[in-house]
Amino acid sequence: MPPGGFGFGRAMRGEGPEKTSLKVDFRRLKRHYWPFMRPHLKAIAVGMVCVFITSGLGKVWPLAGRFLVDQVATPMVKNQWTSEGYSHSLQLLGGVVAILLLVHLLNGILSWRRTTVIRRAGAAMVRALREHVYRHLQGLSLGFFESRQTGEIMSRVTGDVNALERIITEVGDQVLMEVLSLAITVGILFWLDWRLALCALVPIPFMAVHMLFFSRRIRPLFRKIRDRHGALNARLQDNISGIRVIKAFHTEQQENQRFEQENADLFKTEMEGVRVFSFAFPLVGFITAMGGLLVTGVGFYYLVQPNPTVTLGDLMAFQGYVMQLYQPIGHLFHMYNSVLQSFASGERVAEILESEPEVADAPEATALPPIAGEVRFAGVSFGYNETTTVLDGIDLLAKPGQTIALVGRSGAGKTSLVNLIPRFYDPTKGHILIDGKDLRTVTQTSLRAQIGVVLQDPFLFNGTVADNIRYARPEATDEQVHAAAEVANAHEFIAELPSVYDTHIGERGVKLSGGQKQRISIARAVLADRRILILDEATSMIDSHSEILIQRALERLMQGRTTFVIAHRLSTVRRADQILVLEHGTVCERGTHAELMEKGGAYAEMYRAQFPIEEEQPKPMGIPVATGMPLGDASSLLTNLG
């Protein structure tokens with residue numbers, strides 16, 4: 001699938017809204033959202049019954065008014081009743097009032113029940129859908145997230161999913177109620193007088209045509225507005241995440257201008273919608289007013305005839321029902337707006353759900369059993385797209401427990417190579433095998449459960465120190481967490497924190513130094529206890545003192561594990577079992593430190609550039625353990641963790 005597949009990429013990268021088809025793909029929406037509505041059909045049915053009854057009860061009022069005018073008020077005005085008749089009329093009036101009070105009470109109870117049932121169903125649907133979208137996102141490949149802005153994805157998972165609640169709460173409730181009200185009203189109008197009913201229906205075709213043209217104009221605007229909101233959220237998320245960089249380079253004014261531009265684009269798009277609405281709704285009001293005047297004029301014409309076929313009560317009831325005819329149409333017009341917004345949001349969420357992982361388990365994939373740690377690359381080539389080759393013809397054999405160092409200039413393909421081991425990506429050619437098993441034949445979950453990673457920029461979650469250390473092993477005891485911190489040389493500084501291991505470290509570990517965050521990430525890898533370990537520039541962004549502590553921790557962590565080390569500081573890889581020098585995606589040299597120095601090639605040139613005077617005796621990988629915990633004690637701690 002191309003980056004940003006399904007027309008998704010440009011909008012999610014913040015490059016502007018996509019053009020939107022005027023047609024609503026109902027089959028597409030049904031495919032994605034019907035499974036979430038189906039469990040709530042019972043609640044929707046209860047709501048529909050309540051809607052039907054309340055719609056019928058709402059039609060009692062004009063008929064009651066007609067009865068009072070024709071059967072109570074008119075005879076009294078004409079003095080046709082005796083005192084007994086007057087008393088009878090009061091009884092009729094009291095009966096009508098009692099019935100209306102009962103109708104009003106029943107209508108309130110049913111409306112409360114309808115709203116409660118429907119709103120609960122809508123909220124439950126949104127909850128399930130949001131969880132489904134999140135699970136789907138978790139199953140997508142790394143490439144999906146690398147080509148899209150985080151804020152835009154967040155906008156779809158939160159705002160757009162919430163907007164879909166209208167499909168139940170407005171389509172399933174309000175729209176149904178208004179449609180039923182409209183149907184019942186039309187039936188009563190024709191029952192009262194078919195001629196006036198036809199007059200009342202005259203504006204309907206004009207309103208239908210108006211709604212059609214309105215939808216053709218407003219629906220693309222709704223999609224455009226949602227995309228602008230996503231772009232604004234993406235800008236906000238980037239700026240908040242990078243606030244330290246913004247402060248450091250004093251670019252607040254520049255970022256203010258960028259945010260203001262995104263905000264201005266959103267405002268401009270929203271104003272396009274305002275212009276459409278400002279014309280559409282007054283026109284609807286004008287059309288309905290013309291219909292009401294037509295009914296009034298024709299009704300009075302029939303009323304004043306020598307032999308009137310319409311009574312005053314009929315005309316008053318008709319006026320009441322005409323209002324009940326046009327009011328639902330106006331409401332439907334407003335709700336049509338909300339429904340279109342829901343469809344726009346539904347399409348944006350559907351684009352996520354239709355994105356397929358680039359790396360997927362084969363149908364016959366099996367779980368990878370516990371491994372010894374042998375890793376083999378056989379003729380592996382890789383590119384992030386069809387036109388660019390990042391790795392070309394890589395052959396490599398790492399035996400269990402060996403350390404493989406990857407060195408080379410930036411962009412040589414080191415990180416791309418190690419990213420293939422946990423199957424973040426699949427090679428375009430060749431095979432990668434662990435203990436003789438092709439990675440494409442095993443499940444990703446079982447594979448990654450046996451690989452540990454320590455990154456150059458460690459990511460810590462907003463929580464406690466203990467939560468971050470036991471992240472990959474939630475069932476670990478406090479004693480195991482403390483032991484892992486000891487191995488990672490982290491226990492000493494953790495013990496000085498305000499709440500020790502229960503200290504909250506803030507988003508991305510903002511309350512800790514770079515070295516402290518790195519040692520916690522190493523403790524996390526220690527506790528995970530994986531057979532294959534990937535160290536991606538684990539000491540390149542820290543001070544010298546922290547580097548000493550981290551190197552000691554890494555020495556302990558690497559014991560007995562197959563380790564892949566990416567390093568620019570060549571002093572850290574001199575005791576590696578194999579050193580691979582990458583250049584333009586190929587291995588230009590390989591061997592031990594001594595062999596490569598003797599060869600005098602690219603590695604020797606890079607090494608002498610860093611160390612003009614080479615020391616006579618090679619140092620162990622990293623800083624030798626002169627103080628602190630002996631390696632033997634660390635090994636025993638690691639054993640106890642298992």
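**Aromatic rings, strands and helices**

Reply: Ring pairs link Phe382, Tyr384 and Tyr425 into a cluster. Rings of Phe, Tyr and Trp (its six-membered ring) pair if their centres lie within 6.5 Å; planes under 30 degrees apart count as stacked, over 60 as edge-to-face and the rest as tilted. This is a predicted model, in which local features need pLDDT of at least 70 and side-chain atom pairs count only at pLDDT 80 or more, while totals for chains, interfaces and linings use all residues. Residues are numbered from 1 along each chain as its sequence is written, and side-chain values use heavy atoms, with hydrogens and water left out.

Me: How many aromatic pairs does a search of the whole structure find, and what is the geometry of phenylalanine 382 with tyrosine 384?

Reply: The search of the whole structure finds 4 aromatic pairs. In the pair of phenylalanine 382 and tyrosine 384, the ring centres are 4.8 Å apart and the planes stand at 80°, so the geometry is edge-to-face.

Me: Is phenylalanine 382 buried or exposed?

Reply: The classes rest on relative accessible area: buried means under 20%, exposed over 50%, and partly exposed in between (1.4 Å probe, protein chains only). Tyrosine 384, at 43%, is partly exposed. Phenylalanine 382 has a relative accessibility of 3% and therefore counts as buried.

Me: Which kind of pair do phenylalanine 382 and tyrosine 425 form?

Reply: Phenylalanine 382 is buried, and tyrosine 425 is buried as well. Their ring centres lie 5.5 Å apart and their planes meet at 50°, so the pair is tilted.

Me: Where do phenylalanine 382 and tyrosine 425 lie, and how many residues apart are they?

Reply: Helices (H or I, at least four residues) and strands (E, at least two) are DSSP runs, numbered from the N terminus. Phenylalanine 382 belongs to strand E1 (residues 375-382), whereas tyrosine 425 is in the loop between helix H14 (414-419) and strand E4 (429-434). The pair thus links distant parts of the chain, 43 residues apart.

Me: In what order do the 4 strands of the open sheet come?

Reply: Strands of a sheet pair through backbone hydrogen bonds, either parallel or antiparallel. Two strands pair here if DSSP finds at least two bridges between them. The pairing in this open sheet is antiparallel, and the order is E2-E1-E4-E5.

Me: Which are the edge strands?

Reply: An edge strand here pairs on one side only. The two are strand E2 (391-398) and strand E5 (437-438).

Me: What distance separates the side chain of glutamine 444 from the backbone oxygen of valine 359?

Reply: Glutamine 444 is placed in helix H15 (residues 444-448) and, at 14% relative accessibility, counts as buried. Leaving aside residues up to four places away in sequence, glutamine 444 touches Val359, Ala360, Asp361 and Arg423, where contact means heavy atoms within 4.5 Å. From a polar atom of the glutamine 444 side chain to the backbone oxygen of valine 359, the distance is 3.2 Å.

Me: Which residue has its backbone nitrogen 2.8 Å from a polar atom of the side chain of serine 446?

Reply: Serine 446 is also placed in helix H15 and is buried, with a relative accessible area of 12%. Not counting residues up to four places away in sequence, serine 446 touches Thr366, Ala367 and Leu368. The backbone nitrogen at 2.8 Å is that of leucine 368.

Me: Why do the buried residues of helix H9 lie on the same side of H9?

Reply: In helix H9 (residues 194-201), the buried residues include Leu196, Ala197, Cys199 and Ala200. The arc is that of the directions from the helix axis to the C-beta atoms. These residues are on the same side of H9 because they cover an arc of only 160°.

Me: What phi does valine 500 have?

Reply: Most residues other than glycine have a negative phi. Valine 500 lies in the loop between helix H18 (491-494) and helix H19 (514-528) and is partly exposed at 33% relative accessibility. Although valine 500 is not a glycine, its phi is positive, about 55°.

Conventions. Polar contact = N/O pair within 3.5 Å; in protein donor to acceptor, adjacent residues only side chain to side chain.
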